[in-house]
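Hi,

Here is the structure I promised to pass on. Have a look first, and my notes follow below.

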Amino acid sequence: MGLISSVLTLPIAPIRAVLWLGEVIQDQVEQQLHDPAVIRRELEEIDEAAAAGRLTEDEEAAAQQAVLNRMIRPDTGAPPI
């Protein structure tokens with residue numbers, strides 16, 4: 001039975017491979033989004049940009065809040081409330 005099922009499912013093998021690859025990429029992106037070192041680096045970059053005058057206080061606060069929201073509330077695909 002294994003040989004028959006292998007032959008019958010062979011045409012959808014490329015689709016399975018693409019789905020698997022998509023899952024792997026999604027996992028990597030989520031790990032990078034929620035990595036504390038990445039979050040800290042982004043916050044430091046925001047502080048540096050504000051100190052250099054490239055960001056206003058409101059822009060700095062909004063950027064920091066966006067980074068912190070991502071850290072506190074993982075993206076579930078749903079829009080924020």
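Predicted model: local features only at pLDDT ≥ 70, side-chain atom pairs only at ≥ 80, totals over all residues.

Let me start with a question: is Ile-72 buried or exposed? Ile-72 is exposed, because its relative accessible area is 63% and the cut-off for that label is over 50%. You'll find Ile-72 in helix α4, which covers residues 57-72.

Now the overall picture. Of its 81 residues, 10% count as buried. The chain exposes about 6800 Å², with carbon and sulfur atoms supplying 63% of that area.

The other thing I wanted to show you is on the surface. Trp-20, Leu-21, Val-24, Ile-25, Val-29 and Leu-33 make up a nonpolar patch there, and together they have about 530 Å² of accessible area. Val-24, one of the patch residues, sits in helix α2, which runs over residues 13-33. Why is Val-24 labelled partly exposed? Its relative accessible area is 31%, and that label applies because the value lies between the 20% limit for buried and the 50% limit for exposed.

That's what I have for now. Send me your thoughts once you've had a look.

Cheers

Definitions and conventions: Residues numbered from 1 in each chain as written. Heavy atoms only, no water. Patch = residues over 30% accessible without salt bridge, like charges linked within 9 Å, V, L, I, M, F, W, Y side chains within 5 Å. Areas by Shrake-Rupley, 256 points an atom, 1.4 Å probe, with all protein chains shown as cover. Salt bridge = Lys/Arg side-chain N within 4 Å of Asp/Glu carboxyl O. Helix = DSSP H or I, 4+ residues; strand = E, 2+ residues; numbered from the N terminus. Buried < 20%, exposed > 50% of the residue type's maximum accessible area, 1.4 Å probe, protein only.
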